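Let's take a walk through this model together, one selection at a time. Have your viewer ready.

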Amino acid sequence: TLSMLEMREDVLHKKANDEVQNAKRFTASGNRKAALQCLKKKKLYETNAEQVANNQLRVHDQIMLLEGATATTQTVEAMRAGANAMRQLQRKTNIDDVDRVMDDINETTDNMRQIQEALGQPLGPSAEFDDDELDKELQEMEAKELEEKLMDVDPTPAPVPANPAKDQPMPAVPSTRPVAPARQNIDAELADLEAELLVGG
C-alpha cells in the first residue's frame with residue numbers, strides 16, 4: 001500500500017511540473033487562456049498529491065501502532081510464560097524444604113567442626129606437658145648459649161705496629177723508561193717504511 005501511494009504521489013508531482021512547463025510555453029506564445037488552464041490543472045495535481053501524502057502518514061501511523069501492539073502482546077506472553085514456570089518451580093520446592101535442608105547443612109557443619117577439634121587435641125603423655133614451663137626452659141637455654149658465646153670472645157686486642165709505613169718495603173723503581181703508546185706506533189710505522197724501501201732498492 002505504501003509503495004503504491006508513493007508511486008501515485010510521484011506521478012502527480014510530475015504532472016504538476018508538466019503543467020507548469022505548458023503554462024510557460026503558452027505564455028510565451030501569447031495564449032493566456034491556455035496558460036491559466038494549465039495552472040488550474042497544476043493546482044489540482046498538487047492538491048491530490050497532498051491528499052496522497054496525508055494518506056501515507058495515516059498508513060505509517062497504523063503500521064507503527066500495529067507493530068507496537070504486537071511487541072506488547074509478545075512481551076505479555078513472555079512474562080506470562082515466565083510466571084507459569086516460576087509457579088511450577090515453587091510447587092516443587094517450598095520454604096519448609098529449604099529450611100530443612102539448611103538445618104541439615106548447619107548440623108553437618110557443626111559435627112565436622114567438633115570432629116576436627118577433637119582430632120587436634122594432644123593425646124598420651126604430651127597432653128600433660130605445660131607450654132609455659134617449656135617456654136621458660138627454652139628461654140633459659142637461649143640465655144645460657146648467649147653467655148657461653150660471650151665468654152669465648154678474646155678481649156685482648158691485636159698488636160699494632162709503631163710505624164706501619166716504615167716496616168713495609170718500598171716498590172721497586174723500573175730500570176727502563178716507559179715508552180708512550182703513540183711513540184711505539186710511530187716507530188713501528190717507520191720500520192715498515194724502511195723495510196719497503198729496502199725491498200724496492
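Which helix does Gln56 lie in? Select Gln56 and you land in helix H2, which covers residues 32–92. Helices here are DSSP runs of H or I with at least four residues, strands are runs of E with at least two, and both are numbered from the N terminus.

Before going further, a word on what you are looking at. This is a predicted model, in which local features need pLDDT of at least 70 and side-chain atom pairs count only at pLDDT 80 or more, while totals for chains, interfaces and linings use all residues. Residues are numbered from 1 along each chain as its sequence is written, and side-chain values use heavy atoms, with hydrogens and water left out.

**The whole chain**

Zoom out and colour by secondary structure: the protein has six helices and zero strands. Read from the N terminus, the elements run α-α-α-α-α-α. The protein exposes about 18300 Å², of which carbon and sulfur atoms supply 58%; accessible areas come from the Shrake-Rupley method with a 1.4 Å probe, and for residues only the protein chains shown count as cover. Of the 201 residues, 7% are buried. Buried means under 20% relative accessible area, exposed means over 50%, and partly exposed is in between (1.4 Å probe, protein chains only). Among contacts with a separation of 6 or more, 67% join residues 24 or more positions apart, a contact being heavy atoms within 4.5 Å.

**Back to Gln56**

Select Gln56 again and show its neighbours. Gln56 touches Leu2, Leu5, Glu6 and Glu9, leaving aside residues up to four places away in sequence. Gln56 is buried, at 9% relative accessible area.

**Salt bridges**

How many salt bridges are there? The count comes to five, taking a side-chain nitrogen of Lys or Arg within 4 Å of a carboxyl oxygen of Asp or Glu as the rule.

- Select Glu46 and Lys42, whose closest N and O atoms are 3.1 Å apart in a salt bridge. The two are four residues apart in helix H2, so about one helical turn separates them. Glu46 is partly exposed at 33%, whereas Lys42 is buried at 14%.
- Move along to Glu77 and Arg80, which meet in a salt bridge at 2.9 Å, N to O. Because they are three residues apart in helix H2, about one helical turn lies between them. Both ends are partly exposed: Glu77 at 45% and Arg80 at 41%.
- Jump to helix H4 (residues 131–152), where Lys149 and Glu145 lie four residues apart, about one turn of the helix. Their closest N and O atoms are 4.0 Å apart in a salt bridge. Lys149 is exposed at 52%, while Glu145 is partly exposed at 45%.

**A nonpolar patch**

Next, select Ile95, Val98, Val101, Met102 and Ile105: they form a nonpolar patch on the surface, with about 430 Å² of accessible area together. Patches are made of residues with over 30% relative accessible area and no salt bridge, joining like charges within 9 Å and nonpolar side chains (Val, Leu, Ile, Met, Phe, Trp, Tyr) within 5 Å. Ile105 lies in helix H3, residues 95–120, and is partly exposed at 44%.

**A charge over a ring**

For the last stop, select Arg25 and Phe26. The charged end of Arg25 sits over the ring of Phe26, 5.6 Å from its centre; the rule asks for NZ of Lys or CZ of Arg within 6 Å of the ring centre and within 35 degrees of the ring normal.
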